Amino acid sequence: MSRATLLAAITMLTTAVTASAALPPLIPRDVLFGNPDKAGPQVSPDGKHLAYLAPDDKNVMQVWVRPLDKGDAKKITGDEKRGVRSYFWAHDGKHLLYLQDAGGDENFHLFAADLATAKTRDLTPFPGVRVQGVDLDKDHPDTVLVGLNKRTKAAFDMHRVTISTGEEKLDTENPGNVLGWTTDKDFVIRAATAANAKEGGYDLLVRAKPGDEWKTIKHWTVEEQGSAAGFGADANTLYVVGNHDANTMRLVKLDLATGKEEVVAEDKEYDIGGAMIDEKRRVPLAVSVTRARTEWKVLDDSVRADFEALAKVRRGDFAVSSQTTDQSKWVVAYTADNGPVAYYLYDRPTKKAELLFVNNSKLEKVQLAETEPISYKAKDGLTVHGYLTKPLGVEAKNLPTVLLVHGGPWARDSWGFNPLAQFLANRGYAVLQVNFRGSTGYGKAFLNAGNREWAGKMHQDLLDAVEWITKEGVADPKKVAIMGGSYGGYATLVGLTFTPEVFACGVDIVGPSNITTLLKTIPPYWAPMKALFAKRVGDPEKEEAFLKERSPLFKVDAIQRPLLIGQGANDPRVKVAESDQIVDAMRKAGKPVEYVLYPDEGHGFVRPENRLHFFAVTEQFLAKHLGGRAEPVGEIKGHSGQVK
């Protein structure tokens, strides 16, 4: 080695050591990916109790309940492995309802846990049957409407179940294409949002009473979106969310008698997101719009002072997640980019908010990075928005970088706490998240710009993002990784096959490798959406050559850089074969690939032991190929990961 080469190597090593020393201490993986202390609090309908999620002594998430004022918490559920993630109060105040599947198969069952006895009943004890759609009503406290694909796997009929006894009977049969149902003030199903199997759009169906013929009163084309949002206080008022006659999703009041529409809320650039509804008066109180941050637009003066008070409580974006039947008490969640979610109990009469807890107190003891909104112009002039998280303690120049691609793809990244982004930033990487064309929230023109652009302009938006962050001086162009789950996993595979010299390495989590096999193996209950998939992605029955051209599996020979794949064996959306086939092809071609399979997971990793294991593997992989920091793997008990 020449003296000049030796000096250059010493300089590089010294720079790396200095940068590493300037970064804050490593955040242990279990702080970011382990179970929270407490999460998801909900106040009981009568305001006497507070329920929340928390781990038991075996580190499995359960539902706990305590008196609202004071007293010890009692464990109500006894899930043995995956943990409870989604629950809600029954209006009788005596039961908590929760959903659970088996090993990630997404065949969710609805369970009722008795508050007094902590005994649990499976309200939908049908093997291989999935719950999709649950509806409750304050005036029918012992009843729950549940969507079940019991009669046929391809469609969800609504069943009326008595919570206290478990008695179940068919309420409304699905004609085959209904995706969602809407009840009126009497808890009667009177509206339905259906997929249009021929054109790929949506239809709004309404009937006067049970047994009557459904009538189509509105049709959204394949390039539009819409659905029923809820009935008003009278039989002829139906609130609808849709982007017909506009670019963005709007909240509209529809008079069923006359067909006349009145726009209740809209934003010219961004879609209306969530809505807060007054269940007593059956009117919308406020709607949210997610621009760079989530903002609320108050529609009803009865809550204007409340939203003004809540905006002053603490830094972050907030949402009302639970309330009492009399609406006197709200549970409000505050989300920030650089700290845990904070939950408050808000008393409306006094306008005072009391901190209940944060979901992860360990996060308050570590240094977390802020996330800043960014935007850039794509090659064809389209403005693309996203978020950048820079590592603390080092200058944001010439950094190893991870392009973190969201799933969906018909979804979006938002501002707020992201454990994976914080994990990567803490390890020394700049983290760029991009809402590429085809993402939701930015209007239908932006969404439809992604039609038939998988591995096309959608990927070009990601390449433009790499070019942008490189020109900004933040990223080292030779040390940019691409990483993501689901569609983000597909984007990772595209990055390494279609543009093999751009990315230093890739991490694919449950990503499809062959679009044709992906679309031909979708769950049977996605069948009504086939026409929409054909329009947005391509038709696997008629355009196999086109889809093959856009599938990474057939470009394996082009791969130059290392790939890590994580997959759940029970994934019903992206079957395990999607990962198996590209791993086999890469190994036959002598390409560098690491593969970890989790036999007790589905579309993503739910069990904390498996999350900890996969991200331990991930940070070692990234450290090897990008040069960032890594916590030693150590012993991770209870994970099921199999290195294949």
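R315 is partly exposed, with a relative accessible area of 43%. In this predicted model, R315 forms a salt bridge with D337. The closest N and O atoms of the two residues are 2.9 Å apart. D337 counts as buried, because its relative accessibility is 1% and the cut-off for buried is under 20%. D337 sits in the loop between β25 (329-335) and β26 (342-347). R315 sits in the loop between α3 (304-310) and β24 (317-323). The pair therefore ties together parts that are 22 residues apart in sequence.

A further salt bridge joins the side chains of E106 and R130. Here the N to O distance is 3.7 Å. This pair also links distant parts of the chain, 24 residues apart. E106 belongs to the loop between β6 (95-100) and β7 (109-114). R130 belongs to the loop between β8 (120-122) and β9 (131-135). E106 has a relative accessibility of 8%, so E106 counts as buried. R130 has a relative accessibility of 12%, so R130 counts as buried too.

E601 and R82 form another salt bridge. Their closest N and O atoms are 3.4 Å apart. The two residues are 519 residues apart, and the pair links distant parts of the chain. E601 lies in the loop between β35 (593-598) and α12 (608-626). R82 lies in the loop between β4 and β5 (86-89). Both E601 and R82 are buried.

Salt bridges also form a network. R29, R427, E619 and E631 are linked in this way. The count of salt bridges in the model comes to 42.

L50 stands opposite R66 in β3.

Conventions: Residues numbered from 1 in each chain as written. Predicted model: local features only at pLDDT ≥ 70, side-chain atom pairs only at ≥ 80, totals over all residues. Heavy atoms only, no water. Pairing = 2+ DSSP bridges. Helix = DSSP H or I, 4+ residues; strand = E, 2+ residues; numbered from the N terminus. Salt bridge = Lys/Arg side-chain N within 4 Å of Asp/Glu carboxyl O. Buried < 20%, exposed > 50% of the residue type's maximum accessible area, 1.4 Å probe, protein only.
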